[in-house]
Amino acid sequence: MEKATENPNSKTQPPPSHQMDADDDDENVKQLKECSSLYLALQDCLVDSNRDWKSCQKHVQALKACHERRTKK
């Protein structure tokens with residue numbers, strides 16, 4: 001029996017879109033510093049909820065609170 005060759009069109013799955021955002025050269029995310037993970041979680045929530053801001057209010061409020069703590073320092 002001949003060994004099956006790998007399908008050239010089959011590729012490994014790319015990483016989730018936000019997985020490496022904080023490490024990339026995206027200065028906007030880097031400026032968030034300790035709040036960047038909250039920002040990325042909010043983005044994921046918005047993607048999962050089809051951009052429904054009402055269902056992501058927990059994430060919005062967490063990001064807002066983090067930002068307020070940063071600006072008070």
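A disulfide is a pair of cysteine sulfur atoms within 2.5 Å. By that rule there are two disulfides here. Numbered in sequence order, the bonded cysteines pair 1-4, 2-3. This is a predicted model: local features need pLDDT of at least 70, side-chain atom pairs count only at pLDDT 80 or more, and totals for chains, interfaces and linings use all residues. Residues are numbered from 1 along each chain as its sequence is written, and side-chain values use heavy atoms, leaving out hydrogens and water.

**Fold**
- The protein has three helices and zero strands, as DSSP runs (helices H or I, at least four residues; strands E, at least two) numbered from the N terminus.
- UniProt, in an unreviewed entry, places the feature "domain: CHCH" at residues 35–68; such annotations may be inferred rather than shown by experiment.
- Over residues 35–68 the chain is 74% helix and 0% strand, with end C-alpha atoms 10 Å apart.

**Cys 35 to Cys 66**
- A disulfide joins Cys 35 to Cys 66, S to S 1.9 Å.
- Cys 35 sits in the loop between helix H1 (27–31) and helix H2 (36–48), and Cys 66 in helix H3 (residues 57–72), 31 residues apart.
- The S-S torsion of Cys 35 and Cys 66 is about -95°, so this disulfide is left-handed.
- Cys 35 and Cys 66 are buried, meaning under 20% relative accessible area (1.4 Å probe, protein chains only).

**Cys 45 to Cys 56**
- The sulfur atoms of Cys 45 and Cys 56 are 2.1 Å apart in a disulfide.
- Cys 45 lies in helix H2 and Cys 56 in the loop between H2 and H3, so the pair ties together parts eleven residues apart in sequence.
- Cys 45 is buried at 13% relative accessible area, and Cys 56 is buried at 0%.

Note on methods:
Buried means under 20% relative accessible area, exposed over 50%, partly exposed in between (1.4 Å probe, protein chains only).
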